[in-house]
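Work through the exercises below with the model open. Try each task before reading its solution.

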Amino acid sequence: MSELILDGAAAQRRRIASVIRRDFFALRRDPPRIVDMAFWPTAELVLWGLVSMYMQQNRVHIAVAMLLGAVLLWQVMHRSQGELAFGFLFDVWSRNLLNVFVSPLSTLEYVAGLVLASVVKVTVTIGVMSVLAFTFYGFGLLTIGPGLLPFVAVLMVMGWALGVVAIAAVIRFGQSAQIVAFIMVFVFQPFAAVFYPLSVLPGPAQAVAALVPASHVFEGMRTTLAGGGVEWGGLAVAALLDVVYVAAALASLLYALRYARLKGKLSKFGA
């Protein structure tokens, strides 16, 4: 009887160990999962550490208004990127992508449709969030003043550019790369200086941030809420950077499509 019990316990340990080995083998062959495990804790630590430094350097009531404005504008870029990428991923998950690319619909028409759909969804989301911010915190988005519309436009365009890059990554590397759609916008968040001024960043990071359109928007928003005027020069730089981002994103998408067609990878999305 005791031998049977020992054999049963040993078999149970082997089965548990096999599950653990299987998980590690799968993880070893899935780099996006490894990135996902490391990225979120690191991003949270860096982001809120910088926010804490900023709060220590400023009066609380000013910081709160700036944080609420930052949260609302950040969602403009976040949702623009997310809605565009997830519109594409829906076609992947529903195995409809192959039908899309063999239809008369051109690539640019497909992207334009995703962009327009995201405009509606982002507008609804930001509208609801603005009402909640005014109702519960007394902060109105219109407080930002005449810079609000160009701020939103710059952030939406940057979000769309990042969404197109995420789409290109999935087409080029397959469905395992869809994690890019979830993390792409957060890669840029520390350099966008959403919740803290650019001066908090180390020197090399400030140089990188200068190349991120969103950093000019959030810096301009803080200046406006602090009583300064709209920094139109910074907005012009952000708009020019947006043009570069969009051109690079479309180029990456066309490259990915050409590669996928040459290698016959598009047919796998419909399998």
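Predicted model: local features only at pLDDT ≥ 70, side-chain atom pairs only at ≥ 80, totals over all residues.

Residues are numbered from 1 along each chain as its sequence is written, and side-chain values use heavy atoms, with hydrogens and water left out.

**Exercise 1. Describe how α5 and α6 pack, and name the residues in contact.**

Step 1. Locate the helices. Helix α5 covers residues 107-137 and helix α6 covers residues 148-173. Helices are DSSP runs (H or I, at least four residues), numbered from the N terminus.

Step 2. Take the axes. They come within 11 Å and cross at roughly 130°. Axes are lines fitted to C-alpha atoms, for helices over the stretch in contact, and angles run from 0 to 180 degrees between N-to-C directions.

Step 3. Classify the angle. Angles under 35 degrees count as roughly parallel, over 145 as roughly antiparallel, 65 to 115 as roughly perpendicular and the rest as oblique. α5 and α6 are therefore oblique to each other.

Step 4. Assign the hand. α5 passes α6 in a right-handed crossing (the near helix is turned clockwise from the far one by less than a right angle).

Step 5. List the contact (heavy atoms within 4.5 Å). α5 supplies V111, L114, V115, S118, V119 and V122, and α6 supplies M156, W160, V164 and I167.

Step 6. Sort by class. The contact of α5 with α6 has nine nonpolar residues, one polar and no charged. Ala, Val, Leu, Ile, Met, Phe, Trp, Tyr, Cys and Pro count as nonpolar, Asp, Glu, Lys and Arg as charged, and the others, Gly among them, as polar.

**Exercise 2. Is L84 buried or exposed, and which residues does L84 touch?**

Step 1. L84 lies in helix α3.

Step 2. Check accessibility. L84 counts as buried, at 0% relative accessibility (buried is under 20% relative accessible area, exposed over 50%, partly exposed in between; 1.4 Å probe, protein chains only).

Step 3. Find the partners. Leaving out residues up to four places away in sequence, L84 touches V111, L114, V115, S118, W160, G163, V164 and I167.

Step 4. S80 is buried, at a relative accessible area of 0%. Beyond neighbours within four places, the contacts of S80 include S118, V122, M156 and W160.

**Exercise 3. Describe the aromatic pair of W74 and F186.**

Step 1. Count the pairs. The whole structure holds four aromatic pairs.

Step 2. Apply the geometry. W74 and F186 are 6.0 Å centre to centre, with 55° between the planes, and the pair is tilted. Rings of Phe, Tyr and Trp (its six-membered ring) pair if their centres lie within 6.5 Å; planes under 30 degrees apart count as stacked, over 60 as edge-to-face and the rest as tilted.

Step 3. W74 is in helix α3 (residues 60-93) and F186 in helix α7 (residues 179-192), so the pair ties together parts 112 residues apart in sequence. Both W74 and F186 are buried.

**Exercise 4. How do α9 and α10 cross, and which residues meet?**

Step 1. The axes of α9 and helix α10 (residues 232-263) come within 8 Å and cross at roughly 155°. α9 and α10 are therefore roughly antiparallel.

Step 2. P213, H216 and V217 of α9 meet G234, L235, V237, A238, L241, D242 and Y245 of α10.

Definitions and conventions. Helix = DSSP H or I, 4+ residues; strand = E, 2+ residues; numbered from the N terminus.
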